[in-house]
Amino acid sequence: MRKYLVNALKLLISLGLGVALVVWFINKMTPDERQQTIDAFKRANYFWIALAPVVGFISNYFRSERWRMLLEPTGHKPRVWNTFFSVMVMYFLNLFFPRLGEVSRCGVLARYENVPLDKSIGTMVVERLVDLVSILLIGGFLLLVEYKRLFGYFDQYVIHKQTGVPPAGNDFTKWVVLIAIIVVMLAAAAYIQYKYGFKRLREIIKERLIGFFEGLKSIKDLRNPLGFIGYSILIWVCYWLMIYLSFFSLPETSHLSVYAGMACLFIGGFAFVATPGGIGAYPFVIQQVLLLYGVDAVIGGAFGSVVWAAQTASVMLGGVISLILLAIINREPSLKEVTLKT
């Protein structure tokens, strides 16, 4: 019972900030602005909106293939579909609690492909480092080509932190996650120490650290480094296309440049750090970015809301389907089937 209460509390904390932002975003709109938003939803060309999640699924495939390349030097080569579905599940669970999906996708491969958690987590850390370098390169390129336009934004909303998104909730969520991880680790260590003694605890920690660093070392043992770089580039091209293609859904955004898409990709990414799945934060951030490119605030907010809703719906649908297909594809044969085969 206590376990369910703790999980429910985690969910409420992670979603609370997002819901508060949604309420704040709606309440600050005038009746005329709300009507304009509704009209924008009605006249949007949903062909382009629907195309964006399709590109998102393709990016997930590229990410799963890149992950398989990292796992190969550790002595494991999981099947394509199990790896792909685990990535889909990752994004689905991240909607409810930040970073829950990261561990869950490693758990999927541990269950269905016998990939040790420590090794897969090590490769996951490599992935995140590569993603961090990628987004920093995008940001650096943007500052070169759009310096005048973007410097004012960063000066006001990042450097001096004068953002409409309450930072306290984000910091609080990070602390909750950190404290929860520490408590779980200490409880596990205390249990092992109590049941097996200090020697066994030391052996387990040593085994886990060795597996973790084997995962980290996988990047230098890649058999196809160019393929790894290629997949990394394709992942971010897909992310950019998801936004750029969505611009064509409204006349007011259809003229926007490729740089505007990159700006939405780069700055919009911070919204997904602030709240689970970017709920509440993403439409607001996209609205602010599009203001820099001459798009009316109401249209910018409506565009951000439409894009966020489409992406969230596709992630939820893809996650549920992936969980179902994982169970079907990896179904253990019944006793009758085993008898017939023998």
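This is a predicted model: local features need pLDDT of at least 70, side-chain atom pairs count only at pLDDT 80 or more; totals for chains, interfaces and linings use all residues.
Residues are numbered from 1 along each chain as its sequence is written, and side-chain values use heavy atoms, with hydrogens and water left out.

How do the pieces of sequence meet? Among contacts (heavy atoms within 4.5 Å) with a separation of 6 or more, 75% join residues 24 or more positions apart. Of the 342 residues, 44% are buried; buried means under 20% relative accessible area, exposed means over 50%, and partly exposed is in between, using a 1.4 Å probe and protein chains only.

Now for the inside. A nonpolar core here is a set of buried Ala, Val, Leu, Ile, Met, Phe, Trp, Tyr and Cys residues joined through side-chain atoms within 4.5 Å. The largest one has 44 residues, and Ile 138, Phe 247 and Leu 290 touch the most other members. Helices α3 (46-71), α6 (117-145), α10 (225-246), α11 (258-274), α12 (281-292) and α13 each supply at least two residues of this core, with α10 giving the largest share, nine residues. Zoom in on Leu 290: leaving aside neighbours within four places in sequence, its contacts are Phe 247, Thr 253, Leu 256, Cys 264, Val 295, Gly 300 and Phe 303.

What about cysteines? Cys 106 is buried, at 0% relative accessible area, and Cys 238 is buried too, at 8%. A search of the whole structure turns up zero disulfides, a disulfide being a pair of cysteine sulfur atoms within 2.5 Å.

Trp 81, Leu 317, Val 320, Ile 321, Ile 324, Leu 325, Ile 328 and Ile 329 make a nonpolar patch of about 740 Å². Patch residues have over 30% relative accessible area and no salt bridge; like charges are joined within 9 Å, and nonpolar side chains (Val, Leu, Ile, Met, Phe, Trp, Tyr) within 5 Å. A salt bridge is a Lys or Arg side-chain nitrogen within 4 Å of an Asp or Glu carboxyl oxygen. Helix α13 (residues 297-329) gives the most to this patch, seven residues.

Terms used:
Accessible areas come from the Shrake-Rupley method with a 1.4 Å probe; for residues, only the protein chains shown count as cover. Helices (H or I, at least four residues) and strands (E, at least two) are DSSP runs, numbered from the N terminus.
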